[in-house]
Amino acid sequence: MTAPLVAKLWSEPTNDDALEAASAARTAISAQPLIPAVKYLTGKLHGDSGFEAPLPPHMPLTSAQKAALDEIPL
């Protein structure tokens, strides 16, 4: 989720387009291993790949998983 999207939902709780976008993003993110996915997206947001390194027992994301996350319009 991004702050502008959440702000739009907060100010317009009946905005079906914003709700659908948020729901689609959440579904796409949770389709991958959740903690590594969130860490990857946080690193991407901040331009710091150091966020990507998961701690055990989590495994790093594959290139395909990263590509799937890169397709999400955040």
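1. Contacts along the chain. Residues 24 or more positions apart account for 45% of the protein's contacts with a separation of 6 or more. The model is predicted.

2. Overall make-up. The protein has four helices and zero strands. Along the sequence the pattern reads α-α-α-α. The C-alpha atoms fill a box of roughly 40 × 20 × 20 Å, taken along the principal axes.

3. Surface and interior. The protein has 74 residues, and 24% of them are buried. Its accessible surface comes to about 5,200 Å². Carbon and sulfur atoms hold 63% of that surface.

4. Helix H2 against helix H3. H2 covers residues 16-30 and H3 covers residues 34-46. Their axes come within 9 Å. They cross at roughly 115 degrees. Which residues meet here? From H2 come Arg 26, Ile 29 and Ser 30. From H3 come Leu 34, Ala 37, Val 38 and Leu 41. By type, the residues of this contact are five nonpolar, one polar and one charged.

5. Salt bridges. How many salt bridges does the structure hold? There are two. Side chains of opposite charge can pair when their charged atoms come close.

   - Lys 44 with Asp 70. The closest N and O atoms of this salt bridge are 3.1 Å apart. Lys 44 sits in helix H3, and Asp 70 in helix H4, which spans residues 63-70. The two are 26 residues apart, and the pair links distant parts of the chain. Lys 44 has 43% relative accessibility, so it counts as partly exposed. Asp 70 is also partly exposed, because its relative accessibility is 36%.

   - Glu 52 with Lys 66. These side chains meet in a salt bridge at 2.9 Å, N to O. Glu 52 lies in the loop between H3 and H4, and Lys 66 lies in helix H4, so the pair ties together parts that are 14 residues apart in sequence. Are these two residues buried or partly exposed? Glu 52 is partly exposed, at 23% relative accessibility. Lys 66 is partly exposed too, with a relative accessible area of 26%. Buried would mean under 20%.

6. Ala 68 in helix H4. Ala 68 lies in H4. At 34% relative accessibility, Ala 68 counts as partly exposed. How far is Ala 68 from Gly 43 in space? The C-alpha to C-alpha distance is 15 Å. In sequence, the two are 25 residues apart.

7. A nonpolar patch on the surface. Leu 34, Ile 35 and Val 38 form this patch. Together they have about 240 Å² of accessible area. Ile 35 lies in helix H3. Why does Ile 35 count as partly exposed? Its relative accessible area is 46%, and partly exposed runs between the 20% limit for buried and the 50% limit for exposed.

8. Where to look. For the helix pair, start with H2 and H3, whose axes cross at roughly 115 degrees. For the surface, turn to the patch of Leu 34, Ile 35 and Val 38.

Key: Residues are numbered from 1 along each chain as its sequence is written. This is a predicted model: local features need pLDDT of at least 70, side-chain atom pairs count only at pLDDT 80 or more; totals for chains, interfaces and linings use all residues. Side-chain values use heavy atoms; hydrogens and water are left out. Axes are lines fitted to C-alpha atoms, for helices over the stretch in contact, and angles run from 0 to 180 degrees between N-to-C directions. Contact means heavy atoms within 4.5 Å. Ala, Val, Leu, Ile, Met, Phe, Trp, Tyr, Cys and Pro count as nonpolar, Asp, Glu, Lys and Arg as charged, and the others, Gly among them, as polar. Patches are made of residues with over 30% relative accessible area and no salt bridge: like charges are joined within 9 Å, nonpolar side chains (Val, Leu, Ile, Met, Phe, Trp, Tyr) within 5 Å. Accessible areas come from the Shrake-Rupley method with a 1.4 Å probe; for residues, only the protein chains shown count as cover. A salt bridge is a side-chain nitrogen of Lys or Arg within 4 Å of a carboxyl oxygen of Asp or Glu. Buried means under 20% relative accessible area, exposed over 50%, partly exposed in between (1.4 Å probe, protein chains only).
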